[in-house]
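Subject: Structure handover

Hello,

Here is the structure for your files. My notes on what was found in it follow below.

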Amino acid sequence: MKASTVRRVGSRLASLFASLLIALSLAFLLGRLSGDPTATILGPLAPPEQREALRHELGLDLPLVVQYFDYLRGILTGDLGQSLQFYQSNTSMIADRLPYTLQLVAAGMGLAVCVGVPLGVLAATREGTWWDRAASTVALLGQSVPVFWFGMMLVVLFAVKLGWLPAGQSGTPKHLILPALTMSVYPMAHIARLTRASMSEALAEPYIDSARARGLGNRRVVWRHAFANAMMPILTIVVLQTGILLSGAVAVEYVYSWPGLGQLALQAIQFRDFPLVQAIVVFGALVFVLLNLVVDVLHSIVDPRVR
Amino acid sequence: MSVLLKADGLAVTARLAGGDLRLLDDVDLEIRRGQIVGVVGESGSGKTTLARCVVGLLDRNVRVEHGSVTLAGDVVVAPGVDRTDRVRGSAVGMVFQDASRSLNPLMRVRTQLAEVLRRHVRDITRAEVRRRSLEVLEQMRIADPSRVLDSYPHQLSGGLRQRVAIALAVVTRPALVIADECTTALDVTTQTKVVGLFRTLVDELGIGLLFVTHDLMLASDLCDRITVMSGGRVVEAGDAASVLDRPQQDYTRRLLAAIPSWT
Ligand SMILES: Nc1ncnc2c1ncn2[C@@H]1O[C@H](COP(=O)(O)OP(=O)(O)OP(=O)(O)O)[C@@H](O)[C@H]1O
Ligand SMILES: [Mg+2]
């Protein structure tokens, strides 16, 4: 590895670490700013001694700096605190919900990629034709439809009217179809539009003309030459969208009563369960930083110029 | 020697919102084996359109209206006829102006050469791909061909990239090579080297070369014959020496007068 590469990787890691620290600190401060949780737990009429005892139990009577370092130490050891409403470890609750969200995100993003990418490539290779206009219109629609409304419509059509699919809950692959479909719409449209733009830029590059002039077949020129060069922004969006969905697909999980992280977050917010909200935010920040690293690694695999 | 490429009364039009625009009008051109023909003209005179027409890479709104292009006796381009996919990359190689951008930045030189060889040479073995890749880079007078084979384009100098681009066009041993302003982006020393390289290629391999340039001096150094274009028409054609020494047309005289050291 070259010295410049080491330096670049080093500074990238440092900046990711810095943003992680900022996100974690913000999550901590917001938790402390959202009011005295003992009032929420014990109710406004609880005697002061009882509240004082609870504050001591939760460690809220310690100096803020001490609390902050305890919090960071907890994160390092995988301890994200206790939920106020479930009297359970937040880490274990997140771990319980994660498989459901993972399932949903994997299915939704898989669908989004499998439809969005070919749609974008189709539009770009037939720029200005009827295909292009149709694909672009569909993508624009997909990006502007509210997830919540779309989910309801699918439920009304496929669960209530036709009775083909369950309206909510989880368990079988059949239960996954409607939520995954609902979840895929926005990223699918986003991916299609981005693929269209990135591909038509790549197709206009001189090396594409040169590849054609060397007699290479159309499919090879489009995929091996143009798509490979257009891929990086698409990969980035796919990975980052995955991150966003992983840390809480709230609307979809709500509509389908899907027992994932989004639903947990919703419950946490409704009951002002500040340690749980904080834990979910911390988890989201960790996922996001991790996925950013994934993007960097993918980038260096795809493009020799950034190695 | 036999005629390799023949353009006969070629007329090409572009369809625009405001109506049709003629890009080439009644263009005749002939190249024989072992011959270098220069196509010279100011910017917008239709040189690139002519070059791209021969390999069937015209823009989507452009089509052939009259005339034909024949390659070794077979019609490859005519109104409503496009058989260029049979010759593109195999019988005809093309080198474009901007070499740094005519190589795929994500692929090693070796992979790009192998891709072209596999496409055009049936059942070629791995060893044969390597042998011919090294051979063509040596023909390009590249000092350490195996290092260049393992490089990505961004790891090479501009001159090397240009020679790799030429290697990609000739590795399939085409009978005709078209070079469209392929030396314009290079500094004078590298330009001289590349031009010298073309001369040797033509002499060693007996190919025909269509050399497009706006540089009349360069054309006079390299070419056997020169075709002067203006506004999509051929205004003068003949032996390089006679076009330069006794230009018949005002336009050519003006092109010549634009060169400081001439007259
Ligand atoms: N697809 C197109 N649609 C409309 N006009 C076009 C198209 N392609 C080329 N032209 C026009 O045709 C004319 C000739 O273009 P061409 O690129 O062949 O010129 P050239 O001699 O190669 O010029 P240069 O020296 O600048 O490369 C120009 O006026 C150009 O604007
Ligand atoms: Mg040109």
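A search of the whole structure finds 22 salt bridges over all chains, a salt bridge being a side-chain nitrogen of Lys or Arg within 4 Å of a carboxyl oxygen of Asp or Glu. This is a predicted model, in which local features need pLDDT of at least 70 and side-chain atom pairs count only at pLDDT 80 or more, while totals for chains, interfaces and linings use all residues. Residues are numbered from 1 along each chain as its sequence is written, chains are lettered from A and ligands numbered from 1 in the order in which they are written, and side-chain values use heavy atoms, with hydrogens and water left out.

Chain A overall

The secondary structure of chain A consists of 13 helices and zero strands. Helices (H or I, at least four residues) and strands (E, at least two) are DSSP runs, numbered from the N terminus. Along the principal axes, the C-alpha atoms of chain A fill a box of roughly 85 × 65 × 30 Å.

Helix H1 against helix H4

In chain A, the axes of helix H1 (residues 3-33) and helix H4 (residues 64-76) come within 11 Å and cross at roughly 125°. Axes here are lines fitted to C-alpha atoms, for helices over the stretch in contact, and angles run from 0 to 180 degrees between N-to-C directions. That angle makes H1(A) oblique to H4(A); angles under 35 degrees count as roughly parallel, over 145 as roughly antiparallel, 65 to 115 as roughly perpendicular and the rest as oblique.

On the H1(A) side, the residues in contact (heavy atoms within 4.5 Å) include Leu21(A), Leu24(A) and Phe28(A), and on the H4(A) side they include Tyr68(A), Tyr71(A) and Ile75(A). The residues of this contact divide into nine nonpolar, two polar and one charged. Ala, Val, Leu, Ile, Met, Phe, Trp, Tyr, Cys and Pro count as nonpolar, Asp, Glu, Lys and Arg as charged, and the others, Gly among them, as polar.

Helix H5 against helix H13

Helix H5 (residues 90-125) and helix H13 (residues 274-302) of chain A pack at an angle of about 60°, with their axes 10 Å apart. H5(A) and H13(A) are therefore oblique to each other, and their crossing is right-handed. Asn90(A), Met93(A), Ile94(A) and Leu98(A) of H5(A) meet Pro275(A), Leu276(A), Ala279(A), Ile280(A) and Phe283(A) of H13(A). By class, these residues are eight nonpolar, one polar and no charged.

Chain B and the interface

The contact between the chains takes 24 residues from chain B and 24 residues from chain A. About 2,100 Å² is buried between them, of which carbon and sulfur atoms give 54%; buried area is the accessible area (1.4 Å probe) that two parts lose on being put together, summed over both. In chain B, Arg101(B), Leu106(B) and Glu115(B) lose the most area to chain A, together 27% of what that side buries. Three salt bridges are found across the interface. The side chains of Asp209(A) and Arg52(B) meet in a salt bridge (2.5 Å, N to O).

Regards

Technical notes: Left-handed = near helix turned anticlockwise from the far one by under 90°.
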